[in-house]
Amino acid sequence: MSSAVEVSPGRAQRPPAEVRYADELARLRAADDAPKPPGWALSLRAARAFIVGDPKLGVARKFVGDPSLIDRALVSLATSRGLLLVGEPGTAKSLLSELLAAAVSGDSTLTIQGGAATTEDQIKYSWNYALLVSEGPTERSLVPAPLLRGMAQGSTVRFEEITRCPLEVQDCLLSPLSDRVMAVPELPGDAGMVFARDGFNIIATANTRDRGVNDMSSALKRRFNFETVFPIADFDTELTLVESEATELLRRSGVTAPPRRDVLEVLVTTFRELRTGRTARGDEMERLSSVMSTAEAVSVAHAVGLRGWFLRGTSGDAADLVSCLAGTAAKDNAEDLAKLRRYLEQHTSWRSGGQWRELRDARRELPGG
Amino acid sequence: MSLTVVGVRHHSPACARLVGETIAALRPAYVLIEGPADMNDRIGELLLGHELPVAVFTSYADEHRRHGSWAPFCGYSPEWVALAAARETGAEPLFIDLPAWHEAFADRSNRYADAEQRYAEAVERLCTAFGVDNTDALWDHLVEMEPGEGLAERLAAYFDLIRGEAAAGSSDTAREAYMAEWIRAAVRAAGDRPVVAVVGGFHRPALLRLADSPDSGSGWPEVPTPPEGAVGGSYLVPYSFRRLDAFGGYQSGMPSPEYYQRLWEDGPAEAARYLVTAVAGRLRERGQPVSTADLIAARTSAEALARLRGHRHPARVDVLDGLAAALINEALDVPLPWSVRGTITAGQHPAVVEMTTVLSGDRIGRLHPDTPLPPLVHAATAELERHGFDQPGEPRLDLLEPEDRERSRLLHRLRVLGIPGYARTAGPATGIDPVLTEQWRIRLDENRLVALIEAGGYGPTLEAAATARIGQRVDDAGNDLGQLADALFDAAFCGVTGLAGDLPDRLERGVAAGTDLGELGRVLTVVLALWRHDRMLGTAGSDLLGAVVAGATRRILWLAEGWHGAGLPADLPRIRAVVAVRDAVRHAERAGVDRTLARGIAERVAADRAAPPDLRGAFYGLARILSQDTSDPGPAVRGAFTGGSAGDWLAGLFGVARESVLAPGGILGLLDELVRGIGAEEFLLALPALRQAFEFFPPRERVTIADQLLEMRGLGGSGRDLLRTSMPPEIVAAGLALDEAVEERLAQAGLLPAGGAR
């Protein structure tokens, strides 16, 4: 059957992880001789290797973070509790949940996107109304949503931004998580109870900037193991990541001048200090209310490169950086803009290095400066 | 001859066991141990039968540097086990490393620190290869969880790999050359009997190479003696697990002593069980809910993690990760401490704090009664006797007398070190209090000697020990300004003005994190005064205080620029903070206060509509002073009067720059005009703030103002009489209000023209 909306995963803009890394998964499956938890596509060790990398099998490292986090996450998934990844926006929680689902179930597409308008229908099941009217509630007229499908197949279900859903909607996960069963009261007989098959579990992500996990009911909290994903701890790792990602983005945008390393250094330092609220020298300051994630740093580095190239035909410099920072870091928040200005005024002069001087000289590029 | 070099990681139970087994099997003639060679004739002291942990503390001072370092031993230290095994097998134990005062140790405070940090790159590659977070996890994975078969070879491979081709630093080279001399001498002396050397694993490849080189010497190597004029010595002090765990950065060794003690005594399975039980116990004691289900989950996770990571029993991080997964159900603010390495940071989850406390343990060592007392005990006793403070009494000291000042310092040092029986009942609180005498009460206390022995770990003299203790307090205080200030004032009382390592840096960091503008201002005022003037306590010009002055000034400026609240009333501490900044900029540029920065900020705050009016006024004054601006202040003052918070603004201005009123061409006339222009009701509202503003003028200047006002209005009489009111201000205000009401009624009745004169 072909339809106007069908797109094979191979031609998609961003195919799911199990398609992108199909070769690696196949190699891992072939070499996997460790026992697998029931219903899992890979053993824990192979699943771990898929994410933290295994040079011997040609498996790339896909997540820059503590390997112990991956260990704990996988063990949580193998037990009877769900996994809740919490952290600041832009810390690659969704990427991690996708990779985990691809490794554990070989399928990362059973995804519920949480939001203010998410309803139980989108999580559990709904009905094909034409069939419902003609046949009544039957398995044929039932339209399973990701949770029901995951339980029936024994797969990992991803629940993105769970805390953005209303509390009562979140709580519909309680019995699937604790009793591993979902009732479909409309269906008669045995079909009215769907028992989860081995391999079913839930990976939820939540953002500490939204309402956070404090509003979550404690009954639901108890059924999850919490894993906090932190911004990249190591300066060099973050710098390298920003550099490679930004270079790639610039290349795709047709910019041939690579980003300047010293400008990126200043950029990453600025982001890290505004994120943590602490300078290298130990001064404490207020954090920005905008998100200063690595992902944002990459997009600023990209914008800096574009500005330099398309305005002057060179790599982006510190003045470009200040202009772009105003847009991303401060957005439309006047307070953040003031904090940023204060940072540029007071925390650039004591550092050595020409790029810091340039940054200081360019501080008047901030709007209203 | 046969030489066996066992390369170890300090404080590793697996290495300790290997050392014990090797010595028992080989029964060597000599056991050579990486340790201070100047302690060789006193090895007997170490073997008296102390309760561990203990440490050899070495202090050193010459005219260029001052240094204190520890060589801590606990039950599972390979060096300690080597000593004990040597005695059991009848071998002669010898320390073969340079003395701790030697230049090679100039930047070390822990002899048995890990060398991994010096070879960070290789360690990082290994961690990535094995998929672990850090060295500690890597070490447990490779060594502690897999002792037994082939350990010696594995250790050798590990250290060879990490040391790799990297060239050793000059201090390592010097130490290795010296240790190799001892090894060659021992091999010579042993004849055909074996020799075992126990050294840090990183030195092993170099030592094997050096020991093989042709030997031209004869007899034992010379032990270096301190240069002439230097003072110092080594002695045994009791130590504690808490301090063993508290070394940070480059000084750190294996963390979590209590856990490894259990691992050493009972093996990995028992150690893991202890960890879970103890953490649950502590949390429950503190009223945190830990359910049986949580404990089951923790154990299951730990077991599963161990299996995933290929450990036969759960290792330290497996248990900790399992506990964290089961017990923490909220987002964390900072990463788990065992995933990042280093001392515990603020903001940890309470469960994590309990976990690290359990890991660290609270064992405290105790020296055998026959151990020679640390020099501090002798030094302190002699000083106490000299001043007659060894007997109960209530001495009163006059701080202006040099001799009494010396005695006061002595007592303060004892107080700071927590020696019981010495309490001050009265005296100056900060060093700039106008109190010049102190009252002390001395009583006998049976714990005095014990406390002195323990304090012996801080240094050989009361001065050195108090310095080290205050340094530790600065560290512990973190960002707590109150505690930092107390530590500083204690430093002044104790006469501690010398630089102790990176103490100024640490202090600056603490100050740089303060958030209370008023408190910062208070600290800056006092510290600036101490730094500028104080001859009594001898703190004038001290670098330590200079660093605080610079740091606090910078911090106040930073905070002030972000302080928002256009409607806030005047706040005296806040204004005083700006005054302190003014003085710091004027007088302490030498200490690193940045005048240009201060001026820029002052101008910006003065112009910032969102800033509180008193800060704006204060910074307006500061900016005028710093830029020596003599332009007409009229527009600024008029501007301040339009917002309805003129009194607060003036309070700030007068606080910082009251001379602008009285100076020729000052603003007095303008003020008079503006105040007269305020409506009656508004005036009543502004009155308290205006009064507060004029409080900044001392009485004599108030008289001058009154005189000038009278003159301006062409009235005769003395300003002094004008100021002499016998009525409290509330009554005057009530009277004014009454007048106002009467006038209003009169006007309503048509008996006065509306808006009549007041």
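Start by selecting A:Leu99 and its surroundings. Skipping neighbours within four places in sequence, A:Leu99 is in contact with A:Ala17, A:Phe50, A:Ile51, A:Lys62 and A:Phe63 (contact: C-beta atoms, placed from the backbone, within 7 Å). A quick word on what you're looking at: this is a predicted model, where local features need pLDDT of at least 70, side-chain atom pairs count only at pLDDT 80 or more, and totals for chains, interfaces and linings use all residues. Residues are numbered from 1 along each chain as its sequence is written, while chains are lettered from A and ligands numbered from 1 in the order in which they are written.

Back to A:Leu99, which sits in helix H5 (residues 93-105) of chain A; helices (H or I, at least four residues) and strands (E, at least two) are DSSP runs, numbered from the N terminus. Buried or exposed, this A:Leu99? A:Leu99 is buried, because 22 other C-beta atoms lie within 10 Å (buried means 20 or more, exposed 12 or fewer, partly exposed in between, with C-beta atoms placed from the backbone). Now pick A:Lys62: its C-alpha is 8.3 Å from that of A:Leu99, though the two are 37 residues apart in sequence.

Zoom out to chain A. You'll find 17 helices and 9 strands, with the C-alpha atoms filling a box of roughly 75 × 45 × 45 Å along the principal axes. Of the 369 residues in chain A, 45% are buried.

Colour chain A by domain next: domain 1 is 11-229 and domain 2 is 235-365, with bounds from an automatic or database domain assignment. Their C-alpha centres lie 36 Å apart. Where they meet, 6 residues of domain 1 of chain A are in contact with 7 residues of domain 2 of chain A.

Show chain B and look at where the chains touch. Chain A brings 37 residues to the contact and chain B 28. Which helix of chain B gives the largest share of its side? That's H12(B), with 5 residues.

Finally, select A:Phe50 again, along with B:Val19, B:Leu32, B:Ile183, B:Ala197 and B:Val198: these touch the most other members of the largest nonpolar core, which has 176 residues (a core is a set of buried Ala, Val, Leu, Ile, Met, Phe, Trp, Tyr and Cys residues joined through C-beta atoms within 7 Å). Last stop is a second, separate core of 135 residues, including A:Ala330 and B:Leu481.

Note on methods: Contact = placed C-beta atoms within 7 Å.
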